[in-house]
Amino acid sequence: MTISSGLIRQLSEFDAATLYEAAGGQGMVDPAIRPMWSGAHVCGPAVTVSCPARDNLMRHHAVAIAAPGSALVANAERYQYAGAWGEVLTVAAQARGVAGLAIDGAVRDIEAITERRFPVFSRGLAIGTCKKKQIGTLNEPIDLGGTTVRSGDIVVGTGDGVVILDGHSIEQVLQAAVARRTREAEIFRQLEAGKTTIEILDLPRWNSH
């Protein structure tokens, strides 16, 4: 399944919350997986990788096979006492054109990652080290914060969090997102003209008596 760069570019104009709504409320990743620096934004097809806790061998392999523009999605067994990704992997990923990382685990070297402006979404930070010995999986379905991710699904991470979009329904999601943006623009116009959200959204009236 190949999704055009044009579609990816259009999707990247939207925040994760809007795309989650456009996808019918599907694909939300555990909110504990959040951007590690303000302004981080990733949008790209997933390269999935799983590693045992405290081992990051397969993440090195994932970077080596990743196509430009792809987003690495990693299951680190939610382990939060070792930095499963750091500056070395960041430089390697950027050299290959990787768009960013979403990991169910912890990372480290965050100051260097921030300075390099590499988008990282994780459960947190840890200075613990990882080995590079154990085999995991590449491009097989994995769990990311309670959501199943398959190779080729679209990963979108913004300040609101991370959403996983089924690669087979991207065009429909994009159409719904554009329609939602148009509706919101009209709401904003009416609010600025003096209307209230109660009127515009036809919300139930409240009577204090």
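**Contacts, helices and salt bridges**

User: Which residues does T197 touch, not counting residues up to four places away in sequence?
Analyst: This is a predicted model, in which local features need pLDDT of at least 70 and side-chain atom pairs count only at pLDDT 80 or more, while totals for chains, interfaces and linings use all residues. Residues are numbered from 1 along each chain as its sequence is written, and side-chain values use heavy atoms, with hydrogens and water left out. With contact taken as heavy atoms within 4.5 Å, and with residues up to four places away in sequence set aside, T197 touches L191, D202 and L203.

User: How far apart in space are T197 and W85, C-alpha to C-alpha?
Analyst: T197 lies in helix α7, where helices (H or I, at least four residues) and strands (E, at least two) are DSSP runs numbered from the N terminus. T197 counts as partly exposed at 38% relative accessibility, on a scale where buried means under 20% relative accessible area, exposed over 50% and partly exposed in between (1.4 Å probe, protein chains only). In sequence T197 and W85 are 112 residues apart, and their C-alpha to C-alpha distance is 44 Å.

User: Which residues form a nonpolar patch on the surface?
Analyst: Patches are made of residues with over 30% relative accessible area and no salt bridge, like charges being joined within 9 Å and nonpolar side chains (Val, Leu, Ile, Met, Phe, Trp, Tyr) within 5 Å; accessible areas come from the Shrake-Rupley method with a 1.4 Å probe, and for residues only the protein chains shown count as cover. One member, I198, belongs to helix α7 (residues 197–200) and is partly exposed, with a relative accessible area of 34%. Together the members have about 220 Å² of accessible area, and they are I198, L201 and L203.

User: Which residues are buried in helix α4, and what arc do they cover around the axis?
Analyst: Within helix α4 (residues 87–95), the residues L89, T90 and A93 are buried. They lie on the same side of α4 because the arc they cover around the axis, taken from the directions from the helix axis to the C-beta atoms, is only 105°.

User: Which helices are included in what covers the buried residues of α4?
Analyst: The other side of α4 carries V88 and A95, which are exposed, and just after α4 the residue G97 takes a positive phi of about 80°. As for the buried residues of α4, what covers them includes α3 (57–65) and α5 (110–116).

User: How far from R59 is the nearest side chain of opposite charge?
Analyst: R59 has its place in helix α3, and its contacts, leaving aside neighbours within four places in sequence, include W85, L89 and I103. A salt bridge is a side-chain nitrogen of Lys or Arg within 4 Å of a carboxyl oxygen of Asp or Glu, and for charge Lys and Arg count as positive and Asp and Glu as negative, with His and the chain ends not counted. R59 is buried yet has no salt bridge, and the nearest side chain of opposite charge, D55, lies at a distance of 6.7 Å.

User: What is the N to O distance in the salt bridge between E87 and R116?
Analyst: A search of the whole structure finds nine salt bridges. The pair of E87, in helix α4, and R116, in helix α5, links distant parts of the chain, 29 residues apart. E87 counts as partly exposed at 29% relative accessibility, as does R116 at 37%, and their side chains meet, N to O, at 3.2 Å.

User: In which helix do R189 and E186 both lie?
Analyst: The side chains of R189 and E186 meet in a salt bridge of 2.6 Å, N to O. R189 counts as partly exposed at 48% relative accessibility, and E186 is partly exposed too, with a relative accessible area of 33%. The two residues are three apart, about one turn of the helix, and both belong to residues 170–192, which is helix α6.

User: Which residues are linked in a network of salt bridges?
Analyst: R205 forms a salt bridge with D202, the closest N and O atoms being 3.8 Å apart; R205 counts as exposed at 57% relative accessibility, and D202 is exposed at 61%. The network of salt bridges links D30, R78, D104, R123 and D143.

User: What phi does D109 have?
Analyst: D109 lies in the loop between β5 (106–107) and α5, and at 34% relative accessibility D109 counts as partly exposed. Although D109 is not a glycine, its phi is positive, at about 60°.
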